[in-house]
Amino acid sequence: MTFESGGGAGQRTSGAGNTLASGLRIGILGPLQVLADGAPLAAPQGRQRNLLAALLLSPDRVLSHDDLVDLVWDGTPPQDARGALRTCVMRLRRSLGSRWADRIITHDSGYQVRAGAGEVDWLAHREHRQKAARAVREQDWAAVLEQLDAALALWRGPALVDVPSQRLREAHLGHLEESHAQALEWRYEALLGLHRHSEVTLDIQQSIGRYPLRENFRAQLMLALCRGDREAEALAAYQQARRVLVDELGTEPSGRLREIHQKILTGTLTPAPAAAPAVRAGAPVPARSRGEGAVRRLPLPSRNFVGRSAELTALDALGQGPVADGRPGEGLIVITGPGGIGKTSLALSWAHRQAGTSPERFPDGRLLVNLHGFDPVVPALAPLEALGRLLTMLGVVGEAMPNGLDSRIRMYRDLMAQRSVLVILDNAVDAEQVRPLLPNSPDALVLVTSRHQLPGLVVTEGAGVLALGLLDAGDSLALLERMLGPARIREEPEAADRLADICGRMPLTTCIAGARALLEPALSLADLCRELQEEPDPLERFETGDQDSSLRRILDGSYARLAPAAASVYRLLGVHHGSHITLGAVAHMTGVSLPEARKVLSELVRCSLLTIGSANLYTMHDIVRAHAAERAHATDPAAARTAARHRLFDHYLSSAEAAASLIDPFRAFHPSPSGPEPLPGEFGTPGQAATWFDTHGPVLLTMIDNCAQDGTAERAWLLLERMSPYLSRNGNWREQARGAQCVLAATGHLPEHTGTAFAELECGCALDRLGEDEAALRHLGRALRLYRARGDSLGEARARLGLTRFFGRRRDAPACREHAAHALAGFERDQDTNGRAEVLNALGWYGIGFGEPEASIAPCEEALSLYRSVGNAFGEADTWDTLAHAGELLGDFTEALRCYRNAIALDNRLDRVGHRVNRADTLLRYGDLSEATGHGDQALEAWRSAAAVLAPVEHPLVARVRSRLAAGAAARPVSPVPSAAPRSR
């Protein structure tokens, strides 16, 4: 056996600069072997064998006495360890003969061996590997193969197989095995590069048998099989690899394996790119011309990337070079957003678009490294390992790779200093992971994608930021069209729109739904929508069974990165059903102070689990909320979740009562459980209170909707009671009825429950306004019976008032007046002045409808007096409106116009944002009367005012106002049509 190296057999230059020549050859890559001029000699035995192997494995450094004793005596040193070591060295020198005796050098601190690659097989193997790495620089695959064949031929079996020291094997065997495996990997890459895939397949399979967890071998096998037109076997190899990795390590295949698998499936597999020129550790970085040795390691962008024109334009602006006024463009850009939003797709699409439209940008290459910041299984990539991957892309291979973090940073920045390169750092977890990976080239650009906002990079590195949000409606539909084709979208346009909405405008969920439609062509889009909506859990709705596209796994990764306090609040936010929440609500729900709540909410915003919008509302996507709820059910006791839900209800009850009391200051509410006071300054006028309901009303209704399953009916009906003035005055009768029906679903089996009677009355009044006669009367009748059974005279009076209005609208004068008489008596017994006035105003209004306008004057005047006595200007305005209508029908137009003006003046003076329908109806009738009496300009002004009042709501009056404005004011005889209902509180 001979070990050849650069200068011929038996010669090399040592690290010390001395030329070594010897006829002795030693092999440790297999059973220990010693040759003298080609003839075998008896190899040292026992501890001398341990000593020789230890010295040869570290030929370039002095091994201390203590280290050698530990390795030679395998952790059990003799009493006179140093004396025993000297004796062992002496015997080893004697056994190797005079030609090698002086190679074992004595130092004060220990011993060192001087040996060359032509004398020791391990050193020869290492040198061949280094030459192979250098050959990659020229893409000389034949030279690579020649060197690695020589390196691997030196292995005669397992290294150190007959060296008795277990300590020695533990210290060095892993490195030797890694060197052998790496040489095999490079050899297979060379064979694939030489298109000799047919002859490499069996060798790779044998290596997989020896190294079953080494993913690169499996990736190379898939490439070899696929290039040999054996795609089915390549796909089977991937499935086998996945089974082994999952069974042995509990982890999914790495990015390279998955990428090759995906490309085989899509038919886009191309030959792997050439490696960059190799770099030797410590060598000066050679001068380079622009574009020389360009490294292009970006995967192709997703085929499902669509739209994002505004974001692409923003990246163009952020990533440009120096602009006209001399300001530099950004050298670091953070693309932030929640998991599944398409950050990586955007970065890759922009990078490839730049390559096509601006090839002069980044001529030295484009790199990507996945930092695995949010993978719940794979640990985040440490900067040391990330730098190793970047340096490998830049041509640093094998032993040229520095070991320490600082040395890798120095080499990376030296190599990048003269390069114009785009670097994509994908899935970064924090600024500390990113900073060591930032190049120092003014012409380089780094795109960082992260679910975290990484404010540290903005503060200290001056990074630009691009926050990626949900797709707009057009892009969501375009994504479905990209996946399914235009024809299928044209066949079911409405279902396609609905499907895009169900997906929540998130790219990942849209792709999941599109993939299902693509894989099940017989399933109509309408049926797919129905099936998705029938699944109540959004996480299950979009479950694929694939780890890479699992929403649950993506969100698990984000959740795992939260601090304990933020994780706790995140879970409790899953208990909340609303689409948004305020800082104060979170503080009360979680039982923490406002500053503490603000701190954790800020963390959730930074982690892209919440967004903050106008009015400081925190919003959580439905899918994220479903995950938070799932985590809460798995982590927090039921009692803790219930307590949080009750605290949240109590907060909203207090705020809603304060708001409702401003809208209707004369309304009395049933007492609620003790809850926090509304935040100071939250609202102070009726208009602000109505705006608060406009903002939070949908959230409150959602809480009421879920009261049965949440066990919160006791609070839900009280919340609906506080919403009632806002809902009824705004004409939101459908929502009012829905809330009442939800309360009844939770309390209907408890007829004695106060909430049941209230919900029956609320539902009956709302359905009455919606014209659903039979259902309205049924609910009003139940309310009356329940209040009467409870002995609740005030509740009975209110039910009678509801029936008064019901029969009055249907021109049933006897029934209307009978219920009004009972209502008046009940309110008088309870000394409810406002209630009495309300009944009297109703009697006056419906008397007009009964054809008795003159008889309506007296009850209205009494109602006006009662309202004035308690300072109820709202009631006064309503009654003036009734008197105006009566005067109109009596033909006293001057008096009618006066009464209308009184009502309108009060409406304008009062903050009656929550009274739109009543105000608009008065303005409409005032305009009609003005037109009929020849005041055209006055009529147009009144109708325009009515249109402005009705603008925020949908109501049948809108069509009447529009028709008036379209026709314009033209004098015509008065022919008033009585309205269906009086203005009422």
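1. Helix α1, residues 46-56, lies across β6, β7 and β8, and its direction makes an angle of about 70° with β8. Keep in mind from here on that this is a predicted model.

2. Those strands form a sheet of their own. β6, β8 and β7 make an open sheet of three strands, in that order, and the pairing is antiparallel. The edges are β6 (63-64) and β7 (104-106), each of which pairs on one side only.

3. Two bridges join β6 to β8 (residues 110-113), and the two strands run antiparallel. Which residue of β8 is the bridge partner of Leu 63? That is Tyr 111.

4. There is another sheet to look at, with the strand order β3-β4-β5: an open sheet of three strands, paired antiparallel. Its edge strands are β3 (24-27) and β5 (39-41), and each of them pairs on one side only. From one strand to the next, the twist averages 30°.

5. Leu 35 has Pro 40 of β5 as its bridge partner.

6. How many cavities of 30 Å³ or more does the structure hold? The count is five. The largest cavity has about 80 Å³ of space in it.

7. So what surrounds that largest cavity? It is lined by 13 residues, and the ones nearest its centre are Pro 338, Gly 339, Ile 554, Leu 555 and Val 624. Two helices, α24 (551-560) and α28 (622-635), are the elements that give two or more residues to this lining. The largest share comes from α24, with four residues. By class, the lining has nine nonpolar residues, three polar ones and one charged one.

8. A word on confidence before you zoom in. The mean pLDDT of the protein chain is 84, and 90% of its residues reach 70 or more. Over residues 271-292, though, pLDDT stays under 50, and the model gives this stretch 50 contacts beyond four places in sequence. Residues 971-980 also have a pLDDT below 50, and this stretch has 22 contacts in the model beyond near neighbours in sequence.

9. My request on those stretches is a simple one. Where pLDDT is low, the predicted coordinates should not be read in detail. Please treat the contacts of residues 271-292, where pLDDT stays under 50, with that in mind, and likewise those of residues 971-980, where the pLDDT is below 50.

Conventions
Residues numbered from 1 in each chain as written. Predicted model: local features only at pLDDT ≥ 70, side-chain atom pairs only at ≥ 80, totals over all residues. Heavy atoms only, no water. Pairing = 2+ DSSP bridges. Axes fitted to C-alpha atoms, helices over the stretch in contact; angles between N-to-C directions. 1 Å grid on protein atoms, 1.4 Å probe; cavity = no way out; pocket = protein on both sides within 12 Å on 5 of 7 lines; lining within 4 Å. Points joined across faces, edges and corners; volume = space filled by probe spheres on them. Nonpolar A, V, L, I, M, F, W, Y, C, P; charged D, E, K, R; others polar. pLDDT = per-residue confidence, 0-100. Contact = heavy atoms within 4.5 Å.
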